[in-house]
Amino acid sequence: MLNNVLDFVPKIPVAEKIKQFTDWVTNSFSFLFDPLKKYFEDLMEYVADLLGAVPPVLVILIVAIIAFFISGKKFGLPAFSIVGLWFIYNQELWDHLISTFTLVLIASLLSVIIGIPIGILMSKSRTAEAMITPILDFMQTMPAFVYLIPAVAFFGIGMVPGVFASLIFATPPTVRFTNLGIRQVPKELIEASDAFGSTAVQKLFKVELPMARATIMAGINQTVMLALSMVVIASMIGAPGLGRNVLSALQRAQIGPGFVAGIGIVILAIIIDRFTQSMNKKHEQV
């Protein structure tokens, strides 16, 4: 009886409508998607070639020197960076590492450039916060693999759809933490800046953003890590890098090469995470 009641309502054609909408967007805005794909591919290939032209030994030394200073002149992070990057080079995965880092770098930069202004807008407007928060909830709860579908529909396969999917998946932490950090600025400081006649722009850049810097950097750290995880998943739609090695090993049941490529991803993730955390701690000390 209960099943008959449920079957009384016909199936809602959600999938069909979404397909129709996606086809309409793809056809209507192809004049925008095609140039974006071309220019972004050229940009990413240029960055990858530029980074790949630097000798690996020099890259390892530069990373170790930077790690030494941002970690407070401690040897733990530099030593790990040297050993980890040497291991990746030793396993002949250096070019794949450069491709992965290029995708993460571009996706993270775009996420931060888009996320911080949106977070500032949310912190200044309750209406904007009420409207944007459900969108962020949707973006963060949607399974990561689902983002590959519109990415392929709009941009085909390759590096650009990987960056597009990573951008959607990785932006919410920067938006949320920026909003949270600005809202947590003590009211006394806001009142003091108003008393001295600060304009809204002066108050934002000289009081609110500096005070919220630690929180915003924590959000950027999460964004970078999410971008890395999504770039690995994006290997399923042709994104280059270490993720492609893992996918190839999985398809061929090659445990050894897949494990080695996975270790390379872990090494890169740890180095990026420690770098962003150390930079945040350095700012807090300053």
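**Aromatic pairs and their surroundings**

Phe 68 has a relative accessibility of 22% and therefore counts as partly exposed. The term covers the range between buried (under 20% relative accessible area) and exposed (over 50%), computed with a 1.4 Å probe on protein chains only. This is a predicted model: local features need pLDDT of at least 70, side-chain atom pairs count only at pLDDT 80 or more, and totals for chains, interfaces and linings use all residues. Residues are numbered from 1 along each chain as its sequence is written, and side-chain values use heavy atoms, leaving out hydrogens and water.

Now the rings. The whole structure holds 3 aromatic pairs. One of them joins Phe 68 and Phe 75: the ring centres lie 5.3 Å apart and the planes meet at 50°, so the pair is tilted. Rings of Phe, Tyr and Trp (its six-membered ring) pair if their centres lie within 6.5 Å; planes under 30 degrees apart are stacked, over 60 edge-to-face, and the rest tilted. Phe 75 is exposed, at 63% relative accessible area. Ring pairs also draw in Phe 69, linking Phe 68, Phe 69 and Phe 75 into a cluster.

Tyr 89 and Trp 94 form another pair. Their ring centres are 6.3 Å apart and their planes stand at 80°, so this pair is edge-to-face. Tyr 89 is partly exposed at 45%, whereas Trp 94 is buried at 6%.

Ile 66 sits in helix H4, which spans residues 56-70. Helices are DSSP runs (H or I, at least four residues), numbered from the N terminus. Ile 66 is partly exposed, with a relative accessible area of 39%. Its C-alpha atom is 8.0 Å from that of Pro 78, 12 residues away along the chain.

Definitions and conventions. Helices (H or I, at least four residues) and strands (E, at least two) are DSSP runs, numbered from the N terminus.
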